[in-house]
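Student: Could we go through this protein chain together, one question at a time?

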Amino acid sequence: MGERMQIGEVAERTGLSLRTIRYYEEVGLVVPSARSQGGFRLYTEPDIDRLQLIKRMKPLGFQLEEMRDLLAILDPTPGCPEIEDPAARLVEFREATAKARAELRAKLAIAEEFEVLLRSHILALKSRH
């Protein structure tokens with residue numbers, strides 16, 4: 001089964017907060033592989049991989065049900081939903097990801113243009129003084 005880690009180490013490795021990891025457990029996206037005798041959550045590398053996958057989906061706007069479906073295809077676990085046409089569903093996810101990427105690139109371009117504008121104003125103000 002490999003090394004088992006407590007939630008603090010998992011949070012540190014994934015960059016997710018303890019609260020977020022607990023929430024993902026609560027909604028059934030990631031369930032710790034085991035519990036210690038004292039009741040502490042214990043995670044393995046596959047659990048961390050699953051959390052990293054969720055972490056990639058979140059900024060792209062995927063909702064919980066979509067995350068659940070994608071995990072059922074990419075990393076099925078006992079009790080996960082049965083996806084009728086996994087290949088077609090993956091195409092939908094890829095298209096949604098491409099759309100989200102394009103939207104993020106457009107926002108980044110706006111931010112870069114705005115930064116250049118602000119920089120020019122800063123330089124103009126400095127040259128007056």
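**Pocket, sheet and overall shape**

Tutor: The largest pocket is lined by 17 residues, and those nearest its centre are Leu29, Val31, Arg50, Thr77 and Pro78. Here a pocket is an open set of points on a 1 Å grid over the protein atoms alone, where a 1.4 Å probe fits, with protein on both sides within 12 Å along at least five of seven lines, and lining residues have an atom within 4 Å of a point. This is a predicted model, in which local features need pLDDT of at least 70, side-chain atom pairs count only at pLDDT 80 or more, and totals for chains, interfaces and linings use all residues. Residues are numbered from 1 along each chain as its sequence is written, and side-chain values use heavy atoms, with hydrogens and water left out.

Student: Which elements give two or more residues to the lining of the largest pocket?

Tutor: Elements are DSSP runs numbered from the N terminus, with helices (H or I) of at least four residues and strands (E) of at least two. By that rule, the elements asked for are helix H3 (45–57) and helix H4 (64–74).

Student: Why is one side of S1 and of S2 left without a neighbour in the sheet?

Tutor: Strands pair if DSSP finds at least two bridges between them, and the 3 strands form an open, antiparallel sheet in the order S1-S3-S2. Strand S1 (5–6) and strand S2 (34–35) each have a single partner strand, so one side of each has no neighbour, because both stand at the edges.

Student: Which residue in S3 is the bridge partner of Ala34?

Tutor: S2 is joined by 2 bridges to strand S3 (residues 41–43), and the two run antiparallel. In S3, the bridge partner of Ala34 is Leu42.
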